[in-house]
Amino acid sequence: MSVRRVVPDLRSTALKENRDFYGLLGLEEVMNQGWVMTLASPANPTAQLTFLTADRTAPVTPDLSIEVDDVDAVHADLQAAGATIVRPLADEEWGVRRFFVRDPDGRIVNVLGHTVSRP
């Protein structure tokens with residue numbers, strides 16, 4: 001299993017204000033669904049911050065996201081280890097397959113893989 005990136009998911013009611021502020025630090029908007037927005041460094045696209053008003057398709061908002069190369073294998077491994085799956089594995093309309101799992105400290109981790117290739 002390979003981790004592609006780890007991104008903090010920050011709850012926010014001020015998406016535009018955060019985009020403007022972090023833009024001054026060199027981050028640019030790379031995705032915005034209206035309820036979730038990701039900013040990234042143009043020089044290092046895996047250096048990212050995600051801001052969420054709430055998760056539109058899940059009952060909880062994750063604390064961080066981990067993109068992996070094989071989300072199905074990671075899901076199976078975590079289930080076999082007895083981890084608490086908070087949101088079942090599902091395909092999302094924006095091109096990711098994901099599930100949520102609770103870590104030992106209670107944080108919600110969004111584990112995802114892209115179902116469509118990214119540029």
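A nonpolar surface patch of about 310 Å² is formed by Met1, Val3 and Val6. Patches gather residues with over 30% relative accessible area and no salt bridge; like charges are joined within 9 Å, and nonpolar side chains (Val, Leu, Ile, Met, Phe, Trp, Tyr) within 5 Å. Areas follow the Shrake-Rupley method with a 1.4 Å probe, and for residues only the protein chains shown count as cover. The model is predicted: local features need pLDDT of at least 70, side-chain atom pairs count only at pLDDT 80 or more, and totals for chains, interfaces and linings use all residues. Residues are numbered from 1 along each chain as its sequence is written, and side-chain values use heavy atoms, with hydrogens and water left out.

Val6 belongs to strand S1 (residues 3-11). Helices (H or I, at least four residues) and strands (E, at least two) are DSSP runs numbered from the N terminus. Val6 counts as partly exposed because its relative accessibility is 48%. The class limits are under 20% relative accessible area for buried and over 50% for exposed, with partly exposed in between (1.4 Å probe, protein chains only).

The largest nonpolar core holds 8 residues: Leu64, Val68, Val71, Val74, Phe99, Val101, Val109 and Val111. Strand S5 (64-68), helix H2 (71-80), strand S7 (96-102) and strand S8 (108-114) each give two or more residues to this core. Apart from it lies another core of 6 residues, including Leu15, Leu27, Leu39 and Phe51. A nonpolar core is a set of buried Ala, Val, Leu, Ile, Met, Phe, Trp, Tyr and Cys residues joined through side-chain atoms within 4.5 Å.

Residues up to four places away in sequence aside, Val101 touches Leu78, Ala83, Thr84, Ile85, Val86, Arg107, Ile108, Val109 and Val111. Contact means heavy atoms within 4.5 Å. Arg102 is found in strand S7. With neighbours within four places again left out, Arg102 is in contact with Thr84, Val86, Arg107 and Ile108. Arg102 is classed as partly exposed because its relative accessibility is 39%.

Just after H2, Gly82 adopts a positive phi of about 85°.

Charged pairs were then searched. The whole structure contains 13 salt bridges, each defined as a side-chain nitrogen of Lys or Arg within 4 Å of a carboxyl oxygen of Asp or Glu. One of them joins the side chains of Glu67 and Arg5, at 2.4 Å from N to O. This pair links distant parts of the chain, with Glu67 in strand S5 and Arg5 in strand S1, 62 residues apart. Glu67 counts as buried because its relative accessibility is 2%. Arg5 is also buried, at 15%.

A salt bridge also connects Arg98 and Asp55, whose closest N and O atoms are 2.9 Å apart. Arg98 lies in strand S7 and Asp55 in the loop between strand S4 (48-52) and S5, so the pair ties together parts 43 residues apart in sequence. Arg98 is buried, with a relative accessible area of 3%. Asp55 is buried as well, at 6% relative accessibility.

The side chains of Glu92 and Arg87 meet in a salt bridge at 2.5 Å, N to O. Glu92 is buried at 10% relative accessibility, and Arg87 is buried with a relative accessible area of 7%. Elsewhere, salt bridges with shared partners join Lys16, Arg19, Asp20 and Glu29 into one network.

Two C-alpha separations complete the description. Arg102 and Glu67 are 35 residues apart along the chain, and their C-alpha atoms are separated by 16 Å. Asn44 is found in the loop between strand S3 (36-40) and S4. It is partly exposed, at 39% relative accessibility. The C-alpha atoms of Asn44 and Ala80, 36 residues apart along the chain, are separated by 35 Å.
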